[in-house]
Amino acid sequence: MEQETNKQLHVLAAKIRRDILAMLLHRGYGHLGGSLSLVEYMSVLYGKQLHYDPKDPQKEDRDRVVLSKGHAGPVWYSALAESGFFDRDVLYTLNDGGTILPSHPDRLKTPGVDMTTGSLGQGTSSAAGIAMGLKMRCSDRYTYLIVGDGELNEGQCWEAFQFIANYKLDHCIVAIDDNKRQLDGYTKDIMYPFSYADKMKAFGFNVIVVKGDDMEAIDAAIDQAKATVGQPTCLVLDTVKGQGVPYFEEMRSNHSVKFNNDANINAAKEAIAQLDAYIAKEESK
Ligand SMILES: Cc1ncc(C[n+]2csc(CCOP(=O)(O)OP(=O)(O)O)c2C)c(N)n1
Ligand SMILES: [Mg+2]
């Protein structure tokens, strides 16, 4: 990857991470851990790999994104705002009555949101259908499906994966956010997952395991997915819940965080200040 592109992606990731913290701090609560774990993946998508036009979000000739773990809406909204789909100020209306940014994504409300999600598992079938529809229309556009590791407890996911592999939907790129934790504990303690890589291989996928905060590696993996013909690809993103902010990574229960105490409020403010300083420094060069 070119040095300039690499720098731009790091700045974009800092902006998205900063926006997530700022919008949830403003709201007073929200799904922080599982939003932060996707910052780098979303940055590579919106900063480099995705084909989209923020001025024409419904353009037929666009890639589709389905965030099946819909509770991570804040990372998607931040990526969309930073990519020009709507003003950053709108981020502060998260969850307000009448907002275009409901707690979980709604394709009828938010420019750039291709599928309504929130009921875990269902986005996998929606993405399978979208990818099949694009294939039937002989479109070259990709469908990016993002699934949570805890979400994989939903049997529906495995039916959708079987469909995607059976129909050789090589333009459907599945990303599993393997952040090791779900709502109320460690994924391995709740329903031992065995190996995602082995399971997805057995289901017929081309599988790439990648560090979820390494944007060069993520970018290379997506390039490899695009070069793989006749077989869909699954990226297993080795991430950390709360990624990029040590205080929230270490927090025992960081799925939904309340900003109702000084420690949490100050940690968010400190992280925002550090990210702002980094962004200002990089942009002044
Ligand atoms: C069908 C369904 N059951 C339960 C929930 C409540 N819920 C929201 S997030 C979540 C945990 C998801 O864990 P994971 O997929 O690992 O998400 P992440 O760690 O990325 O936040 C649960 C159980 C839901 N949204 N949908
Ligand atoms: Mg998880």
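A polar contact is taken here as a pair of N or O atoms within 3.5 Å. By this criterion, in the predicted model, a backbone N or O atom of Glu 151 makes such a contact with ligand 1, at 2.8 Å from one of the ligand's oxygen atoms. Side chains contribute as well: a polar side-chain atom of His 71 is placed 2.7 Å from an oxygen atom of ligand 1, and a side-chain N or O atom of Lys 241 is found 2.8 Å from an oxygen atom of this ligand. On its own, ligand 1 has 600 Å² of accessible area, of which the protein covers 77%.

The surroundings of ligand 1 comprise 18 residues, with Lys 69, His 71, Gly 118, Asp 149 and Lys 241 the closest. Classified by residue type, this shell contains 9 polar, 7 charged and 2 nonpolar residues. The space that ligand 1 takes up is the largest pocket.

Asp 149, one of the residues closest to ligand 1, is also a donor to the magnesium ion (ligand 2), through OD.

How values were computed. Residues numbered from 1 in each chain as written. Chains lettered and ligands numbered in written order. Predicted model: local features only at pLDDT ≥ 70, side-chain atom pairs only at ≥ 80, totals over all residues. Heavy atoms only, no water. Near = heavy atom within 4 Å. Polar contact = N/O pair within 3.5 Å; in protein donor to acceptor, adjacent residues only side chain to side chain. Areas by Shrake-Rupley, 256 points an atom, 1.4 Å probe, with all protein chains shown as cover. 1 Å grid on protein atoms, 1.4 Å probe; cavity = no way out; pocket = protein on both sides within 12 Å on 5 of 7 lines; lining within 4 Å. Sits in = over half its atoms within 2 Å of the grid points. Nonpolar A, V, L, I, M, F, W, Y, C, P; charged D, E, K, R; others polar. Donors = N, O, S within 2.8 Å, 3.2 Å for Na, K, Ca; no water.
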